[in-house]
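This report concerns a group of aromatic rings and the strand that contributes to it. Please consult the sequence and the structure shown here while reading.

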Amino acid sequence: MKSKFIPVLLSVAIALSACSSAPLTTSTLDQARNDHVAAQSNSAVTQYAVPEFKAATEALNAANAAAADRQSTEKIDQLAYVAKQKIATAQEVARARKAEVDLKQASQQRDQVRLEARTVEAETAKRSAEQAQAEAEAARARAEQANAATQNAQQQTQALAAQLAELQAKQTERGTIITLGDVLFNVDQAVLTSGGQATVQKLATVLRENTDRTVLIEGFTDSTGSTAHNLQLSQRRAEAVRSALAQAGIDRSRVDVRGYGEAYPVAGNESAGDRQLNRRVEIVLSEPGKPIQARR
């Protein structure tokens, strides 16, 4: 009997000896170990919850040590539970701190966007102000040019009025008429005297300073002589005035001539004085940019 129990007891002893060398574990400790692995692979935990994860690791180490020491299952579960709680705390702390960082970054990005928007708005306002200033300066320049043009036109008008007054010009519905009397030509000839040349030079000055005007030169005679002769003489005298203007630099395209002979007398032909009045050259000066009306 005794010889049969000895091997069994030895086997039990060997089995118990083998079991006592393996560390114990529990489901709670296994969960704590898995949680620790998961937390360790979470970059947020390793970045934002370093002290909390360190405490959790120490708690897990304590649980593992208890298991290795083959302490009681209750003790191992207690330590494993503490480790699990600290691991969970580390994960929650990591989540919260990461959220704070994300919120801060979002706020910074929002501030940056607002700053860029204000910068764009300021640049737009600056460009608008510069454009408005440029437009104001352009408007002022245009106003100054218009004022200068007005003053220049007034000066030209005053100068023209003085020149026409010197030429004893008269304003009519056909335009301004300057009359060159018979004394400005040699008798029965179409040659301007020195006095006639001086008068034409004054007229040339008027035309050079008023390029938007043209002239019509009309020649007239008294009734002495034949009609053909008078018509020819009046034409030649008008031509003489145009030639003098051309020599003074006035383009011929601005000058037209007509010879009317003894037509359109301004006085009777009975007396010498009246006939002298009829022997004349009338120069019709157009209004600016307008044609000269035909004689009626």
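## Aromatic cluster

Phe220, Tyr260 and Tyr264 are linked into a cluster by ring pairs, a pair being Phe, Tyr or Trp rings (for Trp, the six-membered ring) with centres within 6.5 Å; planes under 30 degrees apart are stacked, over 60 edge-to-face and the rest tilted. The model is predicted: local features require pLDDT of at least 70 and side-chain atom pairs pLDDT 80 or more, while totals for chains, interfaces and linings use all residues. Residues are numbered from 1 along each chain as its sequence is written, and side-chain values use heavy atoms, without hydrogens and water.

The structure holds three aromatic pairs. Among them, Phe220 and Tyr260 are stacked, at 5.5 Å centre to centre with 15° between the planes. Phe220 belongs to strand 3 and Tyr260 to the loop between strand 4 and helix 8 (272-278), so this pair ties together parts 40 residues apart in sequence; helices (H or I, at least four residues) and strands (E, at least two) are DSSP runs numbered from the N terminus. Phe220 and Tyr264 are edge-to-face, at 6.4 Å and 90°.

## Arginine over the rings

The charged end of Arg295 sits over the ring of Tyr260, 5.7 Å from its centre (CZ of Arg or NZ of Lys within 6 Å of the ring centre and within 35 degrees of the ring normal). Arg295 also lies over the face of Tyr264, at 4.7 Å from the ring centre.

## Setting of strand 3

Six of the six residues of strand 3 (residues 215-220) are buried, so the strand is largely enclosed by the rest of the structure. Buried means under 20% relative accessible area, exposed over 50% and partly exposed in between, with a 1.4 Å probe and protein chains only. Phe220 is buried at 0%, whereas Tyr264 is partly exposed at 32%.
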